[in-house]
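Please examine the structure shown below. The paragraphs that follow treat its salt bridges and then its nonpolar cores.

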Amino acid sequence: MIKFKFLQQCLPLTLSLLASVVTTITTPATAQSHNRTLTQPTVTNSQPLSEPNLQIIQAQIPSLPVWVYPLGTVVLILVFLPQVGWIAGLIVIGEREVGIVTKKFSAKSLPAGRLIALNGEAGLQADTLPPGWHFGYFPWQYNVQKESVVIIPQDEIGLIIANDGASIPPNRILGKIVESQNFQNARKFLTNGGEKGRQLAILTTGTYRINTALFTIITSPNAKTHGMTPEQLRVYAIKPDRVGIVATLDGTPIEGGEIAGPVISGHENFQNAQVFINAGGRRGLQEQVMLSGSWNLNPWFVQIEQVPMTEVPIGYVGVVISYVGKAEGDVSGDAFTHGNLVKRGDKGVWIESLQAGKHPLNTKIMKVELVPTTNIVLNFTARYTGEHGYDSSLSALKLLSFDGFSFELEVFQVIHVGSMDAPKVISRLGSMQNLVDQVLRPIVGNYFRNSAQEYTILDFLTARSDRQAESAEFVRQALRAYDVQAVDTLIGLISPPPELMQTLTERKIAEEQEKTYMTQRTAQTQRQELVRETALADIQKEVVTAEQGVNIAKLQAAAAIEQANGEAESIRLTGEAKADAYKAGVNALGSQAYTALQLMQVIGDRQVRVVPDVAVSGNNGSGLLDAMMGMFLWNQTPTIEENGNSHPPTVLQGEIVDDSE
C-alpha cells in the first residue's frame, strides 16, 4: 500500500520527465516551427508588435544546435535523478543480484525466537527484491543490501543452513524438505513449516536467487569456513568396479536385533532424502548398496564407503552368510540336520551359492566364504604348503609303532567339495579352514596313530602301500558324513629313528650284496653252460661218431652173443656127442683103459714133454751151479721145433733136465 501511494504521488513527476525526454528527440523541423511560433506576435487585444521590436526579441533568443537538447536532458537526468530516486525510494537490482531488505522500524515487532519478518515487522524481511527498479524503499525506513546470486558449478552441490524456522524434532538432525522453489522463496519456506538448521535438501548445479539472510549457502569456495572440504561438495562418483556401502545419518533408529536398515524404495539411491525419511528409513548402516555412477548426495545425510566388488574366482563358489533379512526357517530338508540353510535374501546361510564372477554385495552385512570346487591337496608336512593356505598349520604326524619306535609320517590328503554341498559344509563348520582344523586333521591324525600301534615300524616301511590303501578307505568313509569327498590319501616321507635306519641300511646293503653274489653265480653258471655248449658243439662230430660206434658195438655185441649162442649150442651138441662116444668107449674098453687111452691121446696131441730137457741132481755141492749154467745155455740156444718155432726149455720143479744127454 505504501508503494502504491508513493507511485501515485510521483506519477506527475514521472510524466514530466518522460515529456522532456520526448522533447529532446524531436526533429529539427519541429524545433524550427517552435521557434517560428515563438517569434510570431500573439494576437491579443493589445496592439501588434512592430518589426523592430520583433527583431530585438529574435536577437535575445539564441539559435542552438539540435544535439544540444538531448545532451542537456541526459545531463539533467544524471544530475538530478539520484536525488529524485533517493527522494522516491528507488532501488535498482541488477540481473545477477538479489536485494535483501531490512526494515528499520515498524509498528510491529518480531515474535520471540524469529529472525525473519513475514508481516511487515521490523528486521530482515522474508521477501527479496528481484532484478529491476523498485520504488518506495526510503532510506530512512529500509536498508536494501544487494547480494550476488548463488551459483552452483557443474559437478558440485550446495548445502543449506536455515537461520530461521521451526525447531527440528529431537529424533532428527536435519530439517525436512518443504516446497520453497529450491529455497528461493523464503516466505513459502517459513509458512510451509520449514525447519531451522541443516537441511536435507541440497542445491544442484544452477543459479539461485536466495535470501542469504535466511539461508546460509555452503559451496566449495567457503567449505572450509564451515568445517567441510571441497571434495565433500562434489557430485559423488562410484567407480565401475566398486560398490558403495551406505550409512545414513538421519531417520528412525534401527530396530533391536538388526544391524542395518531395510531396503526402502523410491528415494532414487538416497538422492531424495525426504522420501527415505517419510517411508520409515532407518538411521545407520543400510542393506541397500549403490552401484557405479554419479549421485547428488547430501554429505550431512549419507556417507558412502567404496569397497571392491566381491570376486569369486574360477574353480570356487561363494557361500553367502547373511546377517540381515527375514528369518523364514530352514529349507535344507530333513536329511540335513547339522545346520540351517535359507533362501536367497533371508538371514542365514544361503542355499544358493555364488558362481564365479564379480558380485555387488554389502560386505558389512554379508560374509562370503570361498569354497574350492576343484581337488585340493592338504599337506601334513612343514615342507610344502598349498597356495590355498588351508594347510599352513599342518605338520608331519608323530607316531609310535607297535615295537616302541617313534617316527614321523608325512601324509597328503586330496579332497573335493561339490558346489551343491558347499553351503552344507559352511553351515555345519563355518569355513573351509574349520573343516581342515576341526575335521580333517583329527580324522587323519587319529587313524594313523591308532594304526601305527598295530604294526611295527618295519611294517610301515615294507608294506606302506597296504597302509596307504587302508587309510584312504577309512578317510573316505569318515569324510562322507561331512559332505566332503576324499579323493585319495597318500603316504609321503617316513622318518624312522637314525639307529634303525642304519640297521635297515646295513641289512639292505647285505641283501643287495647277496643279490649281487647270486647274480654273479648265475653268470658263472651261464658261462659254464656256454662253455659246455660250445664244447659240445665243437665235438658234435665225435659225439655222432661215438653214438654210431655205440650202436655198432651194440650190434656187434648182439652178433657175438648170437655167435656165442651158436658156438655154445655147437659145443653142447659136440659134448653130447663126445659123451655118447665116451659112454660107448667105456662100455667097450672099460673105464680105466679108456681113460689111459684118452690121456695118451691128449699128450700126443699137445706134444707134452714127459722127460725134462735139463736135469739137475743134488748129489754134490756143485749141482746148483751146474743147473744154472745149463739153464743159461739152454736159453741162449732155443730149441727148433719141427714147425720151425723155437721154445725155451721146459723147467720142472725140483730139477733141470738137459735133453741133449
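Glu156 is buried, at a relative accessible area of 8%, where buried means under 20%, exposed over 50% and partly exposed in between (1.4 Å probe, protein chains only). This is a predicted model, in which local features need pLDDT of at least 70, side-chain atom pairs count only at pLDDT 80 or more, and totals for chains, interfaces and linings use all residues. Residues are numbered from 1 along each chain as its sequence is written, and side-chain values use heavy atoms, with hydrogens and water left out.

The side chain of Glu156 forms a salt bridge with that of Arg234 (4.0 Å, N to O); the term denotes a side-chain nitrogen of Lys or Arg within 4 Å of a carboxyl oxygen of Asp or Glu. Arg234 is partly exposed, at 44% relative accessibility. A salt bridge also joins the side chains of Arg172 and Asp250 (3.9 Å, N to O). Arg172 is buried at 14% relative accessibility, and Asp250 is buried at 0%. By this rule, the count is 19 salt bridges.

The largest nonpolar core contains 44 residues, and Leu409, Phe448 and Leu479 have the most contacts inside it. Such a core is a set of buried Ala, Val, Leu, Ile, Met, Phe, Trp, Tyr and Cys residues joined through side-chain atoms within 4.5 Å. Apart from this core lies another, of 23 residues, including Leu233 and Phe301. Not counting residues up to four places away in sequence, Phe448 touches several residues, among them Leu397, Leu409 and Phe460, a contact being heavy atoms within 4.5 Å.
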